[in-house]
Amino acid sequence: MCVAFPMRVTAVTGDRGRVALGDVEQEVSLELLDNVAVGDYVIVHAGFALQTLDRGEAAETLAMLGALTRPEEEPAP
Amino acid sequence: MTPDEVILLSHGAGGKLTARLIDSVFLPRYGNEILRRLGDGAVLPPLAGDPVLTTDAYVVSPRFFPGGDIGSLAVHGTVNDLLMCGAEPRWLSLAFVLEEGFPCEELARICDSIGRAAAGAGVLVVTGDTKVVERGRGDGIYIAAAGVGERVRGLELDPRRARPGDAILLSGPVGQHGVAVLGARRGLAFTTPVISDSRALLREARALFAFGGALRTMHDPTRGGLATCLNEIARAAGARIAIDEDAVPRDPPVEQACELLGMDPLYMANEGKLVAVAAPEAAPAMCAALRAAGAAEAACIGAVVEGSPLVAAASPAGGERILDVLTGDPLPRIC
Amino acid sequence: MKYVSEFRAKAFIEALLGEIAKEAASGIRRTFMEVCGTHTAAIARGGLKRLLPAAIKLVSGPGCPVCVTSTAYIDAAMARALRPEVTIATFGDMLRVPGSAGTLEAAKARGADVRVVLSVLEALAMARERPDRRVVFLGIGFETTAPTTAAALARARAEGIGNFLVASAHKTMPAAMRALAADPAVAVEGYICPGHVCTVAGLAPFAPLVEEFGIPAAIAGFEPTDVLAAVLALIKQRNRGESRLENLYRRSVRPEGNPKARRLVASVFEPADAWWRGLGVLPGSGLALRREYAAHDADAVLPVAAEAPREPAGCRCADVLKGIIEPKDCPLFGEACAPDRPIGACMVSSEGACHAAHRWDRS
């Protein structure tokens, strides 16, 4: 029930920011979050950033998926 | 014509002001010896091939968008329709419906772009009309265009000729016009680098004309995009069309914009792409011919197969989905 | 698209499907519900159902705000739309939802001022720029969208933008999931939970449901690997006799969600009873504007007499929403009820179970 996407913060001015998904840019409100910095990724829905993406968790999820693709005997690098 | 002049109701009355509009705006920008006769219609020289007539109305808003405007769009769209019928475009007519108060400077810019587009496509605007509606009764400018072309011998373009085994060729990435216009409408709140693909498909179409009967049918996927165009072909051919989404050429910013808006690039409008159905043995050569003609990303995206008229797409995830006929203009959504 | 494309990698999808096939090798039939309409759309658009083993069935739940919105809400919006001073601002999703007398799209054609917005902030800007108009924003959506409407209302009140009104149809998920979990007719053995609702709400609203009803649940993101990872987790829990709430969307969902967003919602809205298509009235499942915001409440400022909401005749959306029947089992599906002539709510929204089935699964 909620189309939302991780977007890279490219500018912050007060509680407003500009974010990008690839080459598409959008103005969003950052008022639902605290201390968002340029370079962060935020989950954007209907013109608002709802959460800051946790890069560590994203990497961990991808690592687990990567592990699934390798046959058991060879441990993940 | 002073820069701040605007269209008055009398510009549409056929009198002195109409004549001034023709002499100072239209003729200098796309005049030719047939149009200059300013008759009630254009007397055209005989054609060797069968005549082909097409007509289209242009109401795009905003009038100016990245990659084009309502003027170039009217020329390209009409020329492309003639090409899709297997005809060499020859002559156009353009009728303007202008709103009282419409800035003449904007009309001039649009007519400049009509002139450039017509010259680029090697067609002549040979007749036209101008009407003015009261302020508030129109949206600045509408253009009704008609085009006459000469059918190329040896071609029989008809979607009913598509049959199982035929290949589906697409000349380039989808959705650029739709996203460019949408971005222009949204202003700063939503910006994309996407520009409309609005252009005349002369080189691509002529490259395929050379294949004669092996070219079953050709269509430009404008409103409703690729998916709607394929559904029309499937319905006319009474057969199923199966495509591979991964094979459809993509323009990343178009995909990114569609993701954000909850829309599907396969349903977004194109104004400079063609879909061709090719006999299987000729398909590879046709694809190469398209690329040689400048459609660098032309690709075979699927085939006509046995089955009831539907369009099925193998999804990037490896699954399969039906590309249904559009039930209305794609709307941005949040859920 | 960073943090998007990586979660669509074919190698990951194939690996997950392999694991799912292994875990489902027993052939025991499992029915899982994806509660959220955006999951339904992601599953349909990726053609994922066809990739799952036959024993694994996915059914769509009530998590599509358009699907669960009553015709009475549309009728009220239509009545307001016809008032000369009113501009209706709405997400695109609501434009084609049929009320008892047509859609907002039809009202627009007959002269009503109806505007599609991408964010409530556009509606607020309209109100600020046109003090002579009354801008009524259709506040639909769940925990994910409610904070955005709350933020706009808080700003309107602070800046004195008196002509910005909200017709709230915001709802919260737990009550609906509880109604489903408690209904014996709903044969669902696991929930794929809405990743973006949980991004705001956190785990707290869903954990008690899992304990109380002993049903496995997995919070998922919306890329193909996210959905398949959730299906795999639910099968594994069932095979091991477990029932836990697993957070598989940790890159976006913190256990505590977004407290700041929730505090803002609580300051603007209060729980209220809400009527859900297919589920009827669920106490406390809606969000109504608090008294301090009465001046911005369309229901208070522009009251409209709308008759009690009811299901269209012959419509089985109620059972589709509960996963009791599949869209194709409904007598209206495909013929009387289709995307271009939707009767039931599940056909209206592009994320509704029936619309997704008609559009992407029918072959």
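**Note on helix packing, aromatic pairs and buried residues**

1. Helices α7(C) and α12(C) cross in a left-handed sense. The structure discussed here is a predicted model. On the side of α7(C), the contact is made by Ala146(C), Pro147(C), Ala150(C), Ala151(C), Leu153(C) and Ala154(C). The residues that α12(C) brings to this contact are Ala261(C), Leu264(C), Val265(C) and Val268(C).

2. A further helix pair involves two chains. Helix α1(A), residues 55-69 of chain A, and α1(C) have axes that come within 8 Å and cross at roughly 65°. The two helices, α1(A) and α1(C), are therefore roughly perpendicular to each other, and their crossing is left-handed. From α1(A), the residues Leu62(A), Leu65(A), Gly66(A), Leu68(A) and Thr69(A) take part. They meet Ala11(C), Phe12(C), Ala15(C), Leu16(C) and Glu19(C) of α1(C).

3. Over all chains, the whole structure holds 6 aromatic pairs. One of them is formed by Tyr41(A) and Tyr3(C): the ring centres are 4.8 Å apart and the planes stand at 80°, so this pair is edge-to-face. Because Tyr41(A) belongs to strand β4 (residues 41-45) of chain A and Tyr3(C) to the segment before α1 (10-23) of chain C, the pair joins two chains. Tyr41(A) is buried, at a relative accessible area of 8%. Tyr3(C) is buried as well, at 7%. Tyr3(C) also has a charged neighbour, Lys2(C), which lies over the face of the ring at 4.4 Å from its centre.

4. Within chain C, what is the geometry of the aromatic pair of Phe142(C) and Trp276(C)? The pair is tilted, with 5.8 Å from centre to centre and 35° between the planes. Phe142(C) sits in the loop between β5 (134-139) and α7 (146-159), whereas Trp276(C) is in strand β10 (residues 269-276). The two residues are 134 residues apart, and their pair links distant parts of the chain. Phe142(C) is buried, at 1% relative accessibility, and Trp276(C) is buried at 0%.

5. Two other aromatic features deserve mention. In chain B, a single aromatic cluster is made up of Phe26(B), Tyr30(B) and Phe96(B). In chain C, Arg157(C) lies over the face of Tyr293(C), at 4.8 Å from the ring centre.

6. Helix α2(C), residues 37-45 of chain C, has 7 of its 9 residues buried, so the rest of the structure largely encloses this helix. The buried residues are Gly37(C), Thr38(C), His39(C), Thr40(C), Ala41(C), Ile43(C) and Ala44(C). After α2(C) comes Gly47(C), which has a positive phi near 65°.

7. Where in chain C does Phe91(C) lie? Its place is the loop between β3 (86-90) and α5 (104-109). Phe91(C) counts as buried, at 1% relative accessibility. Leaving aside neighbours within four places in sequence, the contacts of Phe91(C) include Ala46(A) and Ile334(B). Among its contacts in chain C are Val116(C), Val117(C), Leu118(C), Ser119(C), Val120(C), Phe137(C), Ile140(C) and Thr145(C). Phe91(C) and Thr40(C) are separated by 51 residues in sequence and by 19 Å in space, C-alpha to C-alpha.

Methods
Residues are numbered from 1 along each chain as its sequence is written. Chains are lettered from A and ligands numbered from 1 in the order in which they are written. This is a predicted model: local features need pLDDT of at least 70, side-chain atom pairs count only at pLDDT 80 or more; totals for chains, interfaces and linings use all residues. Side-chain values use heavy atoms; hydrogens and water are left out. Rings of Phe, Tyr and Trp (its six-membered ring) pair if their centres lie within 6.5 Å; planes under 30 degrees apart count as stacked, over 60 as edge-to-face and the rest as tilted. Helices (H or I, at least four residues) and strands (E, at least two) are DSSP runs, numbered from the N terminus. Buried means under 20% relative accessible area, exposed over 50%, partly exposed in between (1.4 Å probe, protein chains only). A charge sits over a ring if NZ of Lys or CZ of Arg is within 6 Å of the ring centre and within 35 degrees of the ring normal. Axes are lines fitted to C-alpha atoms, for helices over the stretch in contact, and angles run from 0 to 180 degrees between N-to-C directions. Angles under 35 degrees count as roughly parallel, over 145 as roughly antiparallel, 65 to 115 as roughly perpendicular and the rest as oblique. A crossing is left-handed if the near helix is turned anticlockwise from the far one by less than a right angle, and right-handed if clockwise. Contact means heavy atoms within 4.5 Å.
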